[in-house]
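Dear colleague,

Please find below the structure that I am handing over to you. I would ask you to look at it before reading the notes that follow.

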Amino acid sequence: MNTADSGESVVALVPAAGRGVRLGANMPKAFVEVGGSPMVRLAVEGLLASGAVDRIIVMVPADLVESAVALLPGSSVSPADAVQVVVGGAERTDSVRAGIAAAPDAAYFLVHDAARALTPPRLIAEVAAELRAGHAAVVPALPVVDTIKAVDGSGTVTGTPDRAGLRAIQTPQGFAADLLRAAYAADVAATDDAGLVELLGARVRTVPGDPMAFKITTALDLTLAETLAARLDLIAPLS
Ligand code: C5P
């Protein structure tokens, strides 16, 4: 899997325990199919294809552990296997925490949402390479195309930050393992892992993101992903 062969283990954590309410499907989002494959399988295949990870831990809802093992090739609930399925938690933060706990051997973590199912393996490899080059926290970032406004509780605009200084952040997010462990040692919540690391005062490096690493969140995103998968034959090269 990991062609860098440095002896320092890169462990990918794949949060796939969300209920996916915004997608409107009648199953957890990570298990919804894109181009005939469940998103979680596409995400795992992308990580494998990157050649940058030694082990993958997938966090799923408790009632779907068996289903996940059945649909992820080479997986089991054992840490001895290259792909391990563990039970996630109520919030994304809880799911990542469960993954961290299952990997005491990791030197580096790549946290990668199952919902970013079409992420190019090249981007995954690049984040891992930046980690190995000595950056303790690395995230893919894209310029934002919309103007972003801050609003108060009533929806009234309170400010317009300069768009030039804003980025939309994707996954995989890479971390030196001890840094991510420290960030999760406190009882905190955040929508991304780098946000927790920032609270510790760590520097977070950005690398150019990729539009294909978009998060499949809404029914519109799913339509886009299906179209891309069908038209660009994206699924075959990953498997
Ligand atoms: O809800 P959101 O789109 O931010 O979720 C991002 C990722 O986190 C998804 O892959 C989802 O399955 C995962 N997640 C999780 N455990 C939760 C909530 C979300 O693993 N409790």
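The notes below concern the ligand and the pockets.

This is a predicted model, in which local features need pLDDT of at least 70 and side-chain atom pairs count only at pLDDT 80 or more, while totals for chains, interfaces and linings use all residues. Residues are numbered from 1 along each chain as its sequence is written, and side-chain values use heavy atoms, with hydrogens and water left out.

The ligand is surrounded by 15 residues, each with a heavy atom within 4 Å of it; P15, A17, G18, G89 and S95 are the closest. Polar contacts are pairs of N or O atoms within 3.5 Å. In one of them, a side-chain N or O atom of S95 is 2.7 Å from a nitrogen atom of the ligand. Backbone atoms also take part: a polar one of A90 lies 2.9 Å from a ligand nitrogen, and an N or O atom of R92 lies 3.4 Å from one. Of the 460 Å² of accessible area that the ligand has on its own, the protein covers 86% (Shrake-Rupley method, 1.4 Å probe).

The ligand sits in the largest pocket, meaning that more than half of its atoms lie within 2 Å of the pocket's grid points. A pocket is an open set of points on a 1 Å grid over the protein atoms alone, where a 1.4 Å probe fits, with protein on both sides within 12 Å along at least five of seven lines; lining residues have an atom within 4 Å of a point. Among the 30 residues lining the largest pocket, R22, K29, R92, D113 and K215 lie nearest its centre.

Yours sincerely

How values were computed:
A polar contact is a pair of N or O atoms within 3.5 Å; within protein, one must be able to donate a hydrogen and the other to accept it, and residues adjacent in sequence count only if both atoms are side-chain atoms.
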